[in-house]
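This briefing is for a reader who is new to the structure shown below.

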Amino acid sequence: MEAAKELVLARIHLRAIVPLLEDISEFDSETQQIIKGWSKPIQFQLAGEDVAVTLSFREGKVFALRDRINKSKITLTFSNAETLNAIFQGRSKKSPRPNLTGLFHLKKLLQVDPLLKRIEYYMKPGEKLLGDHNSLEQCVKLTLYAMAFGVKEIGEHDPEMKPLAEHLPDGLVEIRVKDGPAVHITVKKGAFTPAKGRAEKPSAYLEIADMETAWNMLQGTLDQYAAIGSGKIKIRGLIPLIDGINPILDRLSIYMAD
Amino acid sequence: MAEAESSGYQFVKSAELFERASRVIPGAIYGHMSPTLMVPGSYPFYTLKAEGCRYTDIDGNDFIDYMCGYGPMILGYKHKIVDKAAAEQQALADTTNHPGPIMVELAEYMVNLIPIADWVFFAKNGGDMTTYATLAARAHTNRKKIVTIRNHYHGVAPWCTGFGHGGITAEDHTNILKVEWNDLEGFRQLVKKHRDQIAAFIAMPYHHITFGEQVMPAPGYWKGLESICRSEGIVLILDDVRAGFRLSLGGSGEFFGFEPDLICFSKAMGNGYPISACVGKKALMNAAAKVFYTGSFWMSAVPMAASLATLKNLKEINAVEKIERMGKMLINGLVEIGNRHGIEISPSGPPAIPFIHFKEDPNLYLNQIFCSEVTKRGSFFHPHHNWFLSAAHEEKDINETLNHAEAAMKTVKASLS
């Protein structure tokens with residue numbers, strides 16, 4: 001993968017994937033067990049780039065800030081985008097480099113890898129998880145969130161998608177599962193502001209009829225055109241906004257394929 | 001915006017066949033007829049039969065047609081004169097080792113009909129011709145770059161399909177430059193920046209984009225473009241595939257008062273028979289001959305016979321005037337219905353190829369509700385694409401449609417409350 005795309009993927013990992021721990025900590029007992037008693041923030045950052053995410057821990061829950069904080073006690077630095085991606089994709093046994101203060105928290109550092117593995121558990125679920133409706137809904141929700149925040153990184157930073165994003169109509173698109181999770185993305189002059197949940201007045205919306213269809217769509221295994229024709233996916237409003245975001249979603253699937 | 005419940009046509013068989021199709025055809029119905037561009041559930045997917053300005057879907061629902069097959073139907077489906085000419089040619093020969101004499105007859109007729117035309121090149125689809133025109137322009141000028149208007153549709157070849165669609169690479173657009181519609185100064189600056197590199201400027205006669213209001217050329221726009229192209233040696237290509245023969249039989253350049261070097265036609269020229277043409281000025285004929293461009297069915301004689309009969313009949317019955325009259329009646333009627341319900345409708349485009357928007361509904365939610373409600377009552381209105389009138393539409397058809405629109409407007413009104 002060329003350097004510019006490695007950097008985009010690194011951004012996706014740090015700013016769209018790692019923050020999912022915020023949601024996972026809401027319901028996943030193993031995550032709650034790992035972070036029990038944690039109070040000091042952990043900052044993940046990429047050396048030489050303005051890309052970071054900081055996880056804070058309060059009352060047994062994770063809070064994610066897609067940025068640096070001034071007084072981070074524990075900072076884990078990835079030497080470059082390629083290494084970061086290899087670590088996140090399980091292709092490398094290397095670890096990010098802790099700062100001096102971080103070395104005093106070795107026990108905690110050893111738990112970072114199992115913590116991150118909880119994301120993979122839900123993002124790449126086994127048959128058992130997918131077979132249970134509630135678990136499937138959690139997987140769909142997390143993937144939907146990752147998608148919304150991943151779209152921002154691709155639309156604003158992928159060298160091929162950025163020019164396309166700059167010509168998208170301004171507006172607010174909502175993507176939702178009927179009676180289920182939702183995300184919305186505000187697009188303005190090629191900049192993306194994603195958020196969780198429903199929007200008040202979307203310019204366009206894409207509604208997926210059920211969790212199975214949503215999961216297949218998010219995995220890129222659904223014929224979306226046929227799904228729209230059959231009513232499994234409903235699109236209304238400013239369709240060019242949805243159409244315009246679609247290639248960015250496709251590109252996200254390619255980034256996340258490994 | 002809430003979608004009010006309404007009664008109307010059901011599309012059970014369409015949905016069933018679509019489901020079958022989705023197992024063996026990518027997207028089930030692809031391209032411009034894909035249901036993704038409409039409001040699935042409120043529209044038919046498959047046609048059973050058609051005659052005049054009406055057709056019947058496979059559920060047995062009848063529609064007065066305001067898309068005309070997305071433009072090709074201009075005299076009416078199953079038009080006796082056109083079909084007779086086609087049948088007579090079919091009885092002789094269609095696709096053989098050579099073109100039929102009808103090819104020369106049709107070319108001669110078009111050269112006489114269209115003021116700028118000194119020669120004609122035939123193919124099947126509009127996109128065949130827009131690509132051919134750019135190749136001919138490059139061959140003529142020995143330059144690489146093509147200027148297009150942002151969001152104008154010239155077919156599905158990689159050079160004119162937006163990056164982001166499957167299979168299109170950024171490199172496919174290496175030599176494509178874009179300007180905004182009606183931005184004469186922008187074009188002037190582009191030409192200055194790329195002096196002696198631009199082979200052609202290609203545009204539709206007016207801004208008729210899907211999902212958007214149609215915008216007519218600003219006063220002096222086309223004349224200004226023509227003047228710059230002449231002085232800079234740039235070939236001026238008119239993509240008249242969609243509007244051709246509905247505004248003027250001499251091409252839309254005649255309608256808007258300018259002279260293109262090349263004009264691309266398709267859609268209406270064969271009243272549904274598959275044929276397209278590029279006509280051009282004599283100065284480009286030699287370069288046009290040097291472009292190697294062909295297809296297995298491009299010399300087929302039957303569509304040529306149908307096209308000749310279509311063009312002759314359009315002239316004979318003064319179809320352009322009638323189509324405009326029917327379009328005006330429809331649009332004026334819709335605006336009046338809107339006014340009665342306190343809902344402002346904004347029509348755009350020429351009456352023969354009209355479209356409507358609802359004021360203060362930039363996201364087209366009301367278009368989607370209104371057009372699907374009219375369609376479910378028996379008049380096919382596309383919610384996002386300009387409509388087409390034909391010479392087969394009569395006043396009684398328009399009146400019937402306005403009745404459908406009156407009922408549909410109540411649903412629009414309910415959705416606003």
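Does Lys267(B) count as buried or exposed, and how many C-beta neighbours does it have inside 10 Å? Lys267(B) counts as buried because it has 26 C-beta neighbours inside 10 Å; a residue is buried if 20 or more other C-beta atoms lie within 10 Å of its own, exposed if 12 or fewer, and partly exposed in between, with C-beta atoms placed from the backbone. The model is predicted: local features need pLDDT of at least 70 and side-chain atom pairs count only at pLDDT 80 or more, while totals for chains, interfaces and linings use all residues. Residues are numbered from 1 along each chain as its sequence is written, and chains are lettered from A and ligands numbered from 1 in the order in which they are written.

**Chain B overall**
- Chain B has twelve helices and 13 strands; helices (H or I, at least four residues) and strands (E, at least two) are DSSP runs numbered from the N terminus.
- The radius of gyration of chain B is 22 Å, close to the 22 Å that the globule rule gives for 417 residues, so chain B is as compact as a globular protein of that length. This radius is taken over C-alpha atoms, and the globule rule is 2.2 Å times the number of residues to the power 0.38.
- Along the principal axes, the C-alpha atoms of chain B fill a box of roughly 60 × 55 × 45 Å.
- Of the 417 residues of chain B, 48% count as buried.
- Of the contacts in chain B with a separation of 6 or more, 75% are between residues 24 or more positions apart; two residues are in contact if their C-beta atoms, placed from the backbone, lie within 7 Å.

**Chain A overall**
- Chain A has eleven helices and ten strands.
- The radius of gyration of chain A is 18 Å, close to the 18 Å from the globule rule for 258 residues, so chain A is as compact as a globular protein of that length.
- The C-alpha atoms of chain A fill a box of roughly 55 × 40 × 35 Å, taken along the principal axes.
- Buried residues make up 47% of the 258 residues in chain A.

**The seven-stranded sheet of chain B**
- This open sheet has the strand order β4-β10-β9-β8-β7-β5-β6 (chain B), with mixed pairing; two strands pair if DSSP finds at least two bridges between them.
- Its edge strands are β4 (119-123) and β6 (176-179) of chain B, each of which pairs on one side only.
- From one strand to the next, the twist averages 20°; axes are lines fitted to C-alpha atoms, for helices over the stretch in contact, and angles run from 0 to 180 degrees between N-to-C directions.
- β4(B) pairs with β10 (residues 276-280) of chain B in the antiparallel sense over five bridges, and the bridge partner of Trp119(B) in β10(B) is Gly280(B).
- Helix α3 (residues 102-113) of chain B packs on the sheet and touches β4 and β10 of chain B; its direction makes about 130° with that of β4(B).

**The four-stranded sheet of chain B**
- A further open sheet has the order β1-β2-β3-β13 (chain B), with mixed pairing.
- β1 (47-51) and β13 (379-380) of chain B stand at the edges with a single partner strand each, so one side of each is left without a neighbour in the sheet.
- Strand β3 (residues 62-65) of chain B pairs with β13(B) in the parallel sense over two bridges, and Ile64(B) has Ser379(B) as its bridge partner in β13(B).

**Positive phi in two loops**
- Lys267(B) lies in the loop between β9 and β10 of chain B, and it has a positive phi of about 30° although it is not a glycine.
- Phe211(B), in the loop between β7 and α6 (221-232) of chain B, has a positive phi near 75° and is likewise not a glycine.
- Phe211(B) counts as partly exposed because it has 19 C-beta neighbours inside 10 Å.

**Where chain A meets chain B**
- 17 residues of chain A are in contact with 24 residues of chain B.
- On the side of chain A that touches chain B, α10(A) gives the most, with five residues.
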